[in-house]
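Work through the exercises below with the sequence and the 3D structure open. Each task is followed by a solution in steps.

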Amino acid sequence: MTTTAPEVHRGLAGVVADTTRISTVIQETNSLTYRGYPVQDLAARRSFEEVAHLLWYGELPDPARLRDFRARERALRPLDRTTSELLARLPETCHPMDVLRTAVSLFGAEDPTEDDGSPAAHRAKSLTLLARLPTVVAADQRRRRGLAPIPPDPGLGYAENFFHMCFGSVPDPETVRCFEISLVLYAEHSFNASTFTARVVTSTLSDLYSAVTAAVGALKGPLHGGANEAVMHMLDEIGDPGRAEEWLDGALAAKRKIMGFGHRVYRHGDSRVPIMQDALDRLVARAADPGVTRKATLHAALREAMLNRKGIHPNLDYPAGLAYHLMGFDTPAFTPLFVMSRITGWTAHITEQLAHNALIRPLASYDGPRQRPVPAPE
Ligand code: ACO
């Protein structure tokens, strides 16, 4: 009897693993919607807090709900002393994503509230993570610069407070808006690798913190969220706009992946890029600094060269990486900024997974040695 080998979908490419009501990429129009709303309209008209509410509750908040949501987020921002001390003891040689992964794990260990798997319990834990992760990211960046942490300011919005905790001041509204746009765009993207990781962990009925800890680990890799950091290292490596084409030819000949380009889902360009690029262009124009103009010229030259050589478009990490650099963040802190946003999408998916759970457990097509007898020990 002959058996046909099962079809293998490496990387689960093209596999529809479940349904979701949270977001979708509409291939025909190359657009992304969160709960049905086009992301470019959310980025233009709504705050990140409103988008977080939309992802978790399915609807944008009315003014009273938004006030309440903001008040609760602001109250949850401070870290307790033990957490701060434990995180401050981590070696400075470890990556900021390792600090964040450890922080999420610690939050889980110290959370006394029961995880009964209910949406209400999950939303309370999700809000705590949303509020506290920026405090960890800011304190870690300052520690690496030899500076003491700055406590959160409950009088400031989510984005403004983060700048305040990082730098001790809030920049001009255009810079804050550019950062907020990046948070809205990074918030959610269906079954991407880190979200799927969170869903896999949740599908075993493990707890929310374990799922988020695993998701942070998945996001760290340069083929996923780590690409925004890698984009900046790549631009630094190239240095001169005039070298972009020559550098790219060498990198492609060496079979290197060009960071910030390509996407599993979008084949004709990431729908989020024009919005982020536009925000980046405004930052560059405001800076009116020859060093900034030079970096922007290099950024554009590499994008053109990649399109000409390979026909591959940039993804969101390409404009976001340079934007974060121009905002003054340290390059290793870029992927943690992605976490501060994607925590909303991850936790929305964790709640959704539990609402109609099925253990995620695919099959593998075995191509190892045929069955054979175990030899007697010599
Ligand atoms: N640089 C060079 N070649 C590329 C790139 C790239 N960035 N992206 C795709 N290609 C090429 C591949 O080499 C392959 O060519 P081949 O058919 O001649 O072998 C072809 O395009 C298809 O690429 P795959 O890697 O098979 O596409 P896949 O869907 O598996 O990968 C991925 C998508 C991982 C994002 C890939 O494009 C990549 O590695 N990009 C760089 C890392 C990056 O920017 N990641 C961020 C993703 S978006 C996000 O997380 C917000």
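A residue counts as near a molecule or strand if its C-beta atom, placed from the backbone, lies within 6 Å of it. The model is predicted: local features need pLDDT of at least 70, side-chain atom pairs count only at pLDDT 80 or more, and totals for chains, interfaces and linings use all residues. Residue numbers start from 1 along each chain as its sequence is written.

**Exercise 1. Describe the surroundings of the ligand.**

Step 1. The ligand is surrounded by 18 residues, and the closest are A227, I258, F261, G262 and R264.
Step 2. Sort the shell by class: Ala, Val, Leu, Ile, Met, Phe, Trp, Tyr, Cys and Pro are nonpolar, Asp, Glu, Lys and Arg are charged, and the others, Gly among them, are polar. The shell then has seven nonpolar, seven polar and four charged residues.

**Exercise 2. Locate the two domains and describe their contact.**

Step 1. Domain 1 covers 22-223 + 336-355 and domain 2 covers 227-326; such bounds come from an automatic or database domain assignment.
Step 2. Taken over C-alpha atoms, the domain centres are 25 Å apart.
Step 3. Domain 1 gives 17 residues to the contact and domain 2 gives 20, where contact means C-beta atoms, placed from the backbone, within 7 Å.
Step 4. On the side of domain 1 that touches domain 2, at least two residues each come from β2 (31-34), α1 (39-45), α8 (173-186) and α16 (334-355). Helices (H or I, at least four residues) and strands (E, at least two) are DSSP runs, numbered from the N terminus.
Step 5. The largest share of that side, seven residues, belongs to α8.
Step 6. By class, this side of domain 1 holds 11 nonpolar, five polar and one charged residues.

**Exercise 3. Work out how α2 and α3 pack.**

Step 1. Helix α2 (residues 48-57) meets helix α3 (residues 63-75) at about 100°, with axes 10 Å apart. Axes are lines fitted to C-alpha atoms, for helices over the stretch in contact, and angles run from 0 to 180 degrees between N-to-C directions.
Step 2. α2 is therefore roughly perpendicular to α3, a label for angles of 65 to 115 degrees; under 35 is roughly parallel, over 145 roughly antiparallel and the rest oblique.
Step 3. E49, E50 and H53 of α2 touch R65, L66, F69, R70 and E73 of α3.
Step 4. These contact residues comprise two nonpolar, one polar and five charged.

Terms used:
Two residues are in contact if their C-beta atoms, placed from the backbone, lie within 7 Å.
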